[in-house]
Amino acid sequence: MDLNKNYSFFSIPLAYIMVVGAETYGKMLALKQVDNANPRQFHDTIAKSEKVDKITKGRILRSHHAATNGYETLPLFTGAIIASNIAGVPVSTVNLLSLAYLGSRALYNVIYIHLQDNRKFAPARSLAWVASVGCWFTLYIQAGLGALRAS
């Protein structure tokens, strides 16, 4: 992959797919519990269900929370990609930070959904989250510095 070609805009839909994927994964774990006529009650139904074992229930609920967290950060990441491209941040920098964001979000999802059965992994999840925030935060700083240079 030539990082001097701008792939950063592709990272936005990929980030969205990762968010939706986390939510979808959780629903696939208890597909029989999904009421398509009342989908927003799914997580309440799972939380109260005696048909779903504790580990699976935890993973279902954590997949929802991972998705919620992804939805919260996605607009900030999207804005960072747009701002850094408009401000003329070097393409290789934008590409690397967008890839790092995707990687840290993927790691966050895996740790949170699967490894969080063991609470000792909580610090690793937090570190992955901080890394993802650091990526878009750095993109905004680079965009701001680029705008300052241009003015």
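This is a guided tour of the structure above, one selection after another.

**Before you start**

The model is predicted, so local features are given only where pLDDT is at least 70 and side-chain atom pairs only at pLDDT 80 or more, while totals for chains, interfaces and linings use all residues. Residues are numbered from 1 along each chain as its sequence is written, and side-chain values use heavy atoms, with hydrogens and water left out.

**Stop 1: the whole protein**

Begin with everything shown as a cartoon. You will find five helices and zero strands, and from the N terminus on the elements run α-α-α-α-α. Helices (H or I, at least four residues) and strands (E, at least two) are DSSP runs, numbered from the N terminus. The C-alpha trace spans about 60 × 35 × 30 Å along its principal axes.

Next, colour by pLDDT, the predictor's confidence in each residue, from 0 to 100. The mean for the protein is 92, and 99% of its residues reach 70 or more.

Now try colouring by accessibility. Buried means under 20% relative accessible area, exposed means over 50%, and partly exposed lies in between (1.4 Å probe, protein chains only). Of the 151 residues in the protein, 36% are buried.

**Stop 2: helices H1 and H3**

Select residues 11–29 for helix H1 and residues 54–86 for helix H3. Their axes come within 8 Å and cross at roughly 165°. Axes here are lines fitted to C-alpha atoms, for helices over the stretch in contact, and angles run from 0 to 180 degrees between N-to-C directions. That crossing angle makes H1 roughly antiparallel to H3. Angles under 35 degrees count as roughly parallel, over 145 as roughly antiparallel, 65 to 115 as roughly perpendicular and the rest as oblique.

The crossing of H1 and H3 is left-handed. A crossing has this hand if the near helix is turned anticlockwise from the far one by less than a right angle, and is right-handed if clockwise.

Which classes of residue make up the contact of H1 with H3? There are 14 nonpolar, seven polar and two charged residues. In this scheme Ala, Val, Leu, Ile, Met, Phe, Trp, Tyr, Cys and Pro count as nonpolar, Asp, Glu, Lys and Arg as charged, and the others, Gly among them, as polar.

**Stop 3**

The contact of H3 with H4 divides into nine nonpolar, nine polar and three charged residues.

Move on to H4 and H5. These two pack at an angle of about 160°, with their axes 8 Å apart, and are therefore roughly antiparallel to each other. H4 passes H5 in a left-handed crossing.

**Stop 3: the salt bridges**

Show side chains for arginine 59, arginine 62 and aspartate 117, which are linked in a network of salt bridges. A salt bridge is a side-chain nitrogen of Lys or Arg within 4 Å of a carboxyl oxygen of Asp or Glu, and the structure holds two.

Arginine 59 and aspartate 117 meet at 2.6 Å, N to O. The pair links distant parts of the chain, with arginine 59 in helix H3 and aspartate 117 in the loop between H4 and helix H5 (122–150), 58 residues apart. Aspartate 117 also forms a salt bridge with arginine 62, the closest N and O atoms being 2.6 Å apart. Arginine 62 is in helix H3 too, 55 residues from aspartate 117.

Arginine 62, at 13%, counts as buried.

**Stop 5**

Select leucine 107 in helix H4. Its relative accessibility is 46%, so leucine 107 counts as partly exposed. Leucine 127 is 20 residues away in sequence and 9.8 Å away in space, C-alpha to C-alpha.

Finish at leucine 148, in helix H5. With a relative accessible area of 60%, leucine 148 is exposed.
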